[in-house]
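Let's take a walk through this model, one piece at a time. Have the sequence and the 3D view open side by side.

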Amino acid sequence: MVSNDQKVNLPWVEKYRPRTLEDLVSHDDIINTVSKFIREDQVPHLLFYGPPGTGKTSTILACARQLYTPNQFSSMVLELNASDDRGIGIVRGQILTFASTRTIFKSRFKLIILDEADAMTMDAQNALRRIIEKYTENIRFCIICNYLSKIIPALQSRCTRFRFGPLAPEQIMPRLNYVIDEERVQISEDGKNALITLAKGDMRKVLNVLQSTWLAFKDVTEDTVYTCVGHPLRRDIENIVKWLLNDDIKTTYKNIQELKTLKGLALTDILTEVHNFVLRIEFPFETLIRLLDKMAEVEYRLSQGANENIQLTGLISSLQFAKHIKPPE
């Protein structure tokens, strides 16, 4: 285990990355199943998929540390990430060479970890099929991806699949509190809630935003968390919705533009939060349908690179339009 003194310059995400399967904070069913595979020496090819920051890479690295001693690790594990070239040349060269070389440790297989495998080309994935079958006695693959649909069915059928879902707040909070205590971070309860709300189940994002906010402000509160990531504050969204529903178009446009400039906000983030706020307002059903349809059009045009100022007027007009829809008799 590396001491805290040796890890002082590491980002907190790496400094507090789980080292063993027992340290992982969620997905008990998956961890118990994989642990049983290892205990019974019946490890299949694995396919881990799910959103970022949910423990996929940490799980397989913890498995590798359980399978191999520190001296064996470098010779028994090949880890390729999205930053590495993983075209058909690497599959036929580096991966094939590693897979075809026998190990001196009897009855022990090698492990190839293909992280961010959904970035691999179709040719590379097809070339991988034969290697997986041919060298099963000597090698095990762990394929990790965010989007299962980008992995060809032929590879999926050769692996045992596990889905890593977003982490629940009650799973994130104990680990967050541990890091806060270890780093002696000054944080409020609303600061913790803001971190978990922004992360949407991504443990990596929780720790990255916590560290960034602490370095920038030394006091982690709801306001400093949202300010650090450039996300609209809850009270700012309340003001925007109030302007949209009560003021005329010209006044609303002026107020929102001033707020955007002052806080450095993006219209996409404002639109997302306004959408969540609008769903809590008791609009007539027909009005809500038309309003969400108009807001979806604005979001689509923003995603295509349309002018923010013009789309802001579109957002304002959609709320003005919704106000004047008469409910059906």
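**Starting from a glutamine**

Gln125 is buried, with a relative accessible area of 0%; buried here means under 20% relative accessible area, exposed over 50%, and partly exposed in between, using a 1.4 Å probe and protein chains only. Keep in mind that this is a predicted model, in which local features need pLDDT of at least 70 and side-chain atom pairs count only at pLDDT 80 or more, while totals for chains, interfaces and linings use all residues. Residues are numbered from 1 along each chain as its sequence is written, and side-chain values use heavy atoms, with hydrogens and water left out.

Gln125 lies in helix 6. Helices (H or I, at least four residues) and strands (E, at least two) are DSSP runs, numbered from the N terminus. Leaving aside residues up to four places away in sequence, Gln125 touches Ala117, Met120, Lys150, Ile151, Ile152 and Leu155, where contact means heavy atoms within 4.5 Å.

Now step over to strand 3, residues 110-114, where five of five residues are buried. Lys110, Ile112 and Leu114 point one way from the strand, while Leu111 and Ile113 point the other way. On to its partners: strand 2 (residues 77-80) runs parallel to strand 3 and is joined to it by four bridges, with Val77 standing opposite Leu111. Strands count as paired if DSSP finds at least two bridges between them. Strand 4 (residues 139-145) also runs parallel to strand 3, through five bridges, and Cys142 in strand 4 is the bridge partner of Ile113. To get from strand 3 to strand 4, the chain passes through helix 6 (residues 122-134), in a β-α-β crossover that is right-handed: with the strands pointing away from the viewer, the path from the first strand over the helix to the second runs clockwise.

Next, have a look at Arg86, in the loop between strand 2 and helix 5 (88-100). Is Arg86 buried or exposed? At 5% relative accessibility, Arg86 counts as buried. Its contacts, again not counting residues up to four places away in sequence, include Leu80, Leu114, Asp115, Glu116 and Ala124. The C-alpha of Arg86 is separated by 30 Å from that of Lys200, 114 residues apart along the chain.

What about the cysteines? The structure holds zero disulfides, a disulfide being a pair of cysteine sulfur atoms within 2.5 Å. For Cys145, the closest cysteine sulfur is in Cys159, 9.7 Å away and too far for a bond. For Cys159, the closest cysteine sulfur is in Cys142, at 8.3 Å, which is also too far. Cys145 is buried at 1% relative accessible area, and Cys159 is buried at 11%.

Finally, helix 10. Its 15 residues, 203-217, reach 21 Å from first C-alpha to last, close to the 21 Å expected at 1.5 Å a residue; the expected span is 1.5 Å times one less than the number of residues. Asp202 caps the N-terminal end of helix 10, with a side-chain oxygen 3.0 Å from the backbone nitrogen of Arg204. Among the buried residues of helix 10 are Met203, Leu207, Gln211 and Trp214. The buried residues of helix 10 pack against helix 1 (12-15), helix 8 (169-183), helix 9 (189-199) and helix 11 (222-229). Just after helix 10, Lys218 takes a positive phi of about 65°.

Conventions. A polar contact is a pair of N or O atoms within 3.5 Å; within protein, one must be able to donate a hydrogen and the other to accept it, and residues adjacent in sequence count only if both atoms are side-chain atoms.
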